Amino acid sequence: MILVWMFFLFFLLGIVSLPNEAIAQKKKVILIGGTISETGRYASDVKPWPKLMNTWAEMINERGGLWVKSEKRRIPVKFILYDDKSDQATSIKFYERLVTVDKVDLLIGPYTSPLTFAATTVAEKYKIPMVCVEATASAIYKRGMKWIVGIDQAGPKWSDAYFELVRHEGKAKTIALLAEDQIIFTEVVPGAVENAKKIGLDVVFFEKAASGTSDFSPIITKMKEKNPDLCYVGGFIPFNIAFMKQAKELDFNSKEFHFTHFGISFKEALGKDAEYVTGSAYYMPGMKFGNYKFFFELLKRSGVSITEYPWANDRMWGFDAIQWGIETSESLKRDDLMQAFKDLHIMAVAGALHFDETGQGTNRPIVNQIIGGEYQFTWPARPGYPPAKHVYPRPKWSELK
Amino acid sequence: MGFLQIVTSGLLLGGVYALAAFGLSICWGVLNILNIAHGEFLMLGALAAYGVYALLGINPFFIVLAIIPIFLAFSFLFEKLLIRPIRGRTETEILVASILVTLGGALLIEDVTAFLWGKSFTGIPYSMISLQVGGVVIPLIRLLILAFILALTWVIHFYLKRSYTGKAIQAITQNREGARIVGINIIRISMITFIIGTSLAAIAGVFYVVLYSMTPYMGLSLTVKYMCIVVLGGLGSLFGSFAGGLILGITESIIGYYVGSDWSPTVAFFALVLILLLRPQGLFGRK
């Protein structure tokens, strides 16, 4: 019996003499949760995102993970991702799960403003940091939320680079604008109207069309009557495809068609009719800012083409923010992390990143043009960017080869 | 000139509406089956057309011929597995059961397609020149599609008027019990009617993907629109569907032009409410 008691006593002494870290379970991995639209209307825009994100985590983990000040060591990172089916309710459901069941350390936002608008409510409810990517609408950030930051510049400024180009060239005099009735475009296009007026363009037409509109004949007929030099359309890709097809059918010969979204599906569905269309993107090969070599390596290893998936750069800004946010944070506590995000001032992959008082960032679109079936960089013509090329005016439909 | 252009555009738009709506109309009018999966057949037609175009690069008008056999077989299976088991009930029970069964079928088709296909939307890069007639632009592709639809309507009209099957379909529309008493094989005729109806939706899908773009998720919203056209034109009426499609197409275009584009999608629902209040059997339906 004495032996049993002695054994028990030594056992207790052993526990007491262990360092605190050994008793408290050491953090093995930093969990980052998010949803991806693997199915649904946005799926083709972000198809390779899981691969891109997991490859980023692999590359970070190859050097031991991210530095955590309070632990004085690097900790590997891991993503937990769910398919939100391009649906707001599903996105909310999975973000709730990520926080309550998977117990992630922070969240990365979903694709598009409508989904982010919904998903951010979860971050605010559970007081957990969320880094929003691919979400431009300032309505998301103007709700006074304390737990979100978003890397994109505010929606009304989306068109800044395009109108810099128009002003620089000074060729266009009139513009017609159309917005798909979606949270993002109801900010982006009115912002474009303001930008157009600022540089002295005559806004001859501005209208909003229901989301998912497929028949544009009344709109195009009205636009055609005004004979604008520029036609600016803010819409998701199916909306933009239908508009462009009918612009050709109705022989609407604006000198330039500009679309906010004109990724690979747009180009494929229109073929040669997409030629000389200009549109927005966040990155083109040849832009040399921040950790761009790491970004190239990431694209290479994940097999993602930046020209086919122009929003990949947006995600990289998110990765940059997460990396620097965690590495500059005092600890992985949510309060510390959030403060670190708000204090960030870094050079991200396509420019300087910091967040304003609402949490909205500084990533702004550039302008590209489809020339010879390829996306070509068009604007801004500044150091750090590739050589700019712009064909204006585009040939008439009857002359387009 | 704007008005003429809008009416022309609406007319050409209405033709595409009419083709898909007629398929829904005969299933509803003849079989008492409200096929909620009708739009999914249109979506599958669009997807098949895209696949054939991507593989062979042939003219979309010939694609119609290529996909018809596929959809005859698919419609046959759908009818046999999902529609036939709900027969032999009262008319109300069949109608309610058909809504539930075909809604389930629609969701299944939608999700399986999205899962297997991977992409969320696409279109066929096929276009043609436009004709200018007195200042009005007439897209040649839409004109050809309308001509194709008119020809198809004419063929179906004669099939319904002249063939035994066509007459049997009309007999069932007029009086199901009477048709049974005179020896019409209701099961066989119902199957043929369903196959014709859904194949028409698939053909409409070919034109849809050429004119617009397609997504695996577009079916249900299209079904709702076509239901409005069917109610507007009258159940089971070929002419009614055609007229309903044209009326809706022209009205949407006029409202979009004079009132604002964001009002266009509501036109179908206003028309639905109005017709249900004033003439519940539809413009060309029988009481």
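## Confidence of the model

pLDDT is the predictor's confidence in each residue, on a scale from 0 to 100. The structure described here is a predicted model. Chain B has a mean pLDDT of 88, and 98% of its residues reach 70 or more. Among the elements of chain B, the highest mean pLDDT, 93, belongs to helix α2 (residues 38-56). The lowest, 85, belongs to helix α11 (residues 267-278) of chain B. For the model as a whole, the scores are ipTM 0.87 and pTM 0.84.

## Where the two chains meet

Chain A and chain B are in contact through 36 residues of chain A and 34 residues of chain B. On the chain A side, four elements each supply at least two residues: β9 (202-209), α9 (217-226), α10 (237-249) and α11 (264-270). Of the elements of chain A, α10(A) gives the most, with 7 residues. By residue type, the side of chain A that touches chain B divides into 14 charged, 13 nonpolar and 9 polar residues.

## The two domains of chain A

The contact between them takes 26 residues from domain 1 of chain A and 22 residues from domain 2 of chain A.

On the domain 1 side of this contact, the elements that give two or more residues are α5 (113-126), α6 (138-141) and α13 (312-328) of chain A. The residues on the domain 1 side divide into 12 nonpolar, 9 polar and 5 charged.

## The largest nonpolar core

The largest nonpolar core holds 211 residues. Those that touch the most other members are B:Ala20, B:Leu42, B:Ala46, B:Ala49, B:Ala204, B:Val206 and B:Tyr208. Helix α1 (residues 2-31) of chain B provides the largest share of this core, 15 residues. Chain A takes part as well: the core draws at least three residues from each of domain 1 and domain 2 of chain A.

Leaving aside its neighbours within four places in sequence, B:Tyr208 is in contact with B:Val16, B:Leu42, B:Ala46 and B:Met214.

## Helix α14 of chain A

Helix α14 (residues 334-343) of chain A has buried residues at A:Leu337, A:Met338, A:Ala340 and A:Phe341. These four cover an arc of only 160° around the axis, so they are on the same side of α14(A). The buried residues of α14(A) pack against strands β5 (106-108), β6 (130-132) and β7 (148-152) and against helix α13, which also belong to chain A.

## A loop residue: A:Lys255

A:Lys255 lies in the loop that runs between α10 and β11 (256-259) of chain A. A:Lys255 counts as partly exposed because 19 C-beta neighbours lie inside 10 Å, whereas a buried residue needs 20 or more.

Not counting residues up to four places away in sequence, A:Lys255 touches A:Ala172, A:Asp229, A:Leu230, A:Tyr392, A:Pro393 and A:Arg394. A:Phe117 is 138 residues from A:Lys255 in sequence, and the two are 35 Å apart in space, C-alpha to C-alpha.

Technical notes: Residues are numbered from 1 along each chain as its sequence is written. Chains are lettered from A and ligands numbered from 1 in the order in which they are written. This is a predicted model: local features need pLDDT of at least 70, side-chain atom pairs count only at pLDDT 80 or more; totals for chains, interfaces and linings use all residues. Two residues are in contact if their C-beta atoms, placed from the backbone, lie within 7 Å. Ala, Val, Leu, Ile, Met, Phe, Trp, Tyr, Cys and Pro count as nonpolar, Asp, Glu, Lys and Arg as charged, and the others, Gly among them, as polar. A nonpolar core is a set of buried Ala, Val, Leu, Ile, Met, Phe, Trp, Tyr and Cys residues joined through C-beta atoms within 7 Å. A residue is buried if 20 or more other C-beta atoms lie within 10 Å of its own, exposed if 12 or fewer, and partly exposed in between; C-beta atoms are placed from the backbone. Domain bounds come from an automatic or database domain assignment. The arc is that of the directions from the helix axis to the C-beta atoms.
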